[in-house]
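Biologist: I would like a close look at one part of this model, followed by whatever else in it deserves attention. Please keep to what can be computed from the atoms.

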Amino acid sequence: MTGLRYVYAVCHPLGAPLQAELTGVAGDPPRLLTHHGLIAVVSHVPERDFAEQPLRAHLEDLDWLTETARAHQGVIDALTVVTTPLPLRLGTVFRDDSGVRVMMEAREDDFRRTLDRLEGRVEWGVKVYVETEPEETGEPEEKAASGRDYLLQRRRYVRAHEDLWQQAEEFASRLHAVLSSHAEDSRLHAPQNAALSGISGQNVLNAAYLVSRHESEEFVELVDRTKDDVPGLRVELTGPWAAYSFAGEETGAGDTT
């Protein structure tokens, strides 16, 4: 089939087939390209959208990027059910099957080491949000009777604000230490910007944990037991995901020239 090759992931041979009606980027079903016992999961995509210049332009188009990312993630999620994939970066494209094989040949040792390290493991994400804060404007709810009363109210507001954030930071640090001790590896990511994420609350912990599939149920229960420990804080668990945070994979767009 004509078209460029969009690569989702590299993995060992699958233990079970992918779901029959799975579609990927540009609506094309993912296919398996074998090279030296490794599998590259690819789709055929049109050059008019995925050659170097149009792809660069599309990556600035939020609607296009969202649709493509959703399709990309759908394939990764399907792979995670049947194997341990090593996800490649969104927009990894090569001219043809030969280009994909050249990439796999060049990185074969790295791929094998990483896949062996991640085998049988998944990523869980844990975020902690400060859900309730004193009034953002800092204005007291009750009208002060005097200047002295106003200053006292302002002081209480500042103290409450500081106490809440201290509690949040201490809770997040304790939680991360406990979860890290029950995981094989962990990563701390930068807190999410509420204005960009659209999620309520201020993010004080944004972490990823590499956990054996066999120990995931215990890990989930451990997170669940912490959710009501501190009033005003919200704990969110996501996963299981392919181990993006632990893949060490920096492959970008391939040779489409």
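Where does Thr92 lie?

Modeller: Thr92 lies in the loop between strand 4 (86-87) and strand 5 (93-94). Strands here are DSSP runs of E with at least two residues, and helices are runs of H or I with at least four, both numbered from the N terminus. Residues are numbered from 1 along each chain as its sequence is written. The model is predicted, local features need pLDDT of at least 70, side-chain atom pairs count only at pLDDT 80 or more, and totals for chains, interfaces and linings use all residues, while side-chain values use heavy atoms, with hydrogens and water left out.

Thr92 has a relative accessible area of 0% and is buried; buried means under 20%, exposed over 50%, and partly exposed in between, with a 1.4 Å probe and protein chains only. A polar atom of the Thr92 side chain lies 2.6 Å from the backbone oxygen of Arg89. A polar contact is a pair of N or O atoms within 3.5 Å; within protein, one must be able to donate a hydrogen and the other to accept it, and residues adjacent in sequence count only if both atoms are side-chain atoms.

Two other loops hold backbone angles worth checking. Most residues other than glycine have a negative phi, and most peptide bonds are trans. Ala26, in the loop between strand 1 (4-11) and strand 2 (31-35), has a positive phi near 60°. Its relative accessibility is 51%, so Ala26 counts as exposed. His36, in the loop between strand 2 and strand 3 (38-45), also has a positive phi, of about 55°, and is partly exposed at 45%. A cis peptide bond, with omega about 0°, joins Gly239 and Pro240; Pro240 lies in strand 9 (residues 233-241).

Next, the charged pairs. A salt bridge is a side-chain nitrogen of Lys or Arg within 4 Å of a carboxyl oxygen of Asp or Glu, and the count comes to 11. One of them pairs Arg5 with Asp97, the closest N and O atoms being 2.7 Å apart. Because Arg5 lies in strand 1 and Asp97 in helix 4 (residues 97-106), this pair ties together parts that are 92 residues apart in sequence. Arg5 is buried at 8%, whereas Asp97 is partly exposed at 27%. Another joins Arg31 to Asp28, with 2.4 Å between the closest N and O atoms. Here Asp28 is buried at 10% and Arg31 partly exposed at 29%. Asp49 and Arg48 also meet in a salt bridge, at 3.9 Å from N to O; Arg48 is exposed at 66%.

Last, the largest pocket holds about 430 Å³ of space. Of its 13 lining residues, the closest to its centre are Glu123, Lys127, Gln192, Trp241 and Tyr244. A pocket is an open set of points on a 1 Å grid over the protein atoms alone, where a 1.4 Å probe fits and protein lies on both sides within 12 Å along at least five of seven lines; lining residues have an atom within 4 Å of a point. Points are joined across faces, edges and corners, and the volume is the space filled by probe spheres set on them. Strand 6 (121-130), strand 8 (202-212) and strand 9 each supply at least two lining residues. The lining divides into four nonpolar, seven polar and two charged residues, where Ala, Val, Leu, Ile, Met, Phe, Trp, Tyr, Cys and Pro count as nonpolar, Asp, Glu, Lys and Arg as charged, and the others, Gly among them, as polar.
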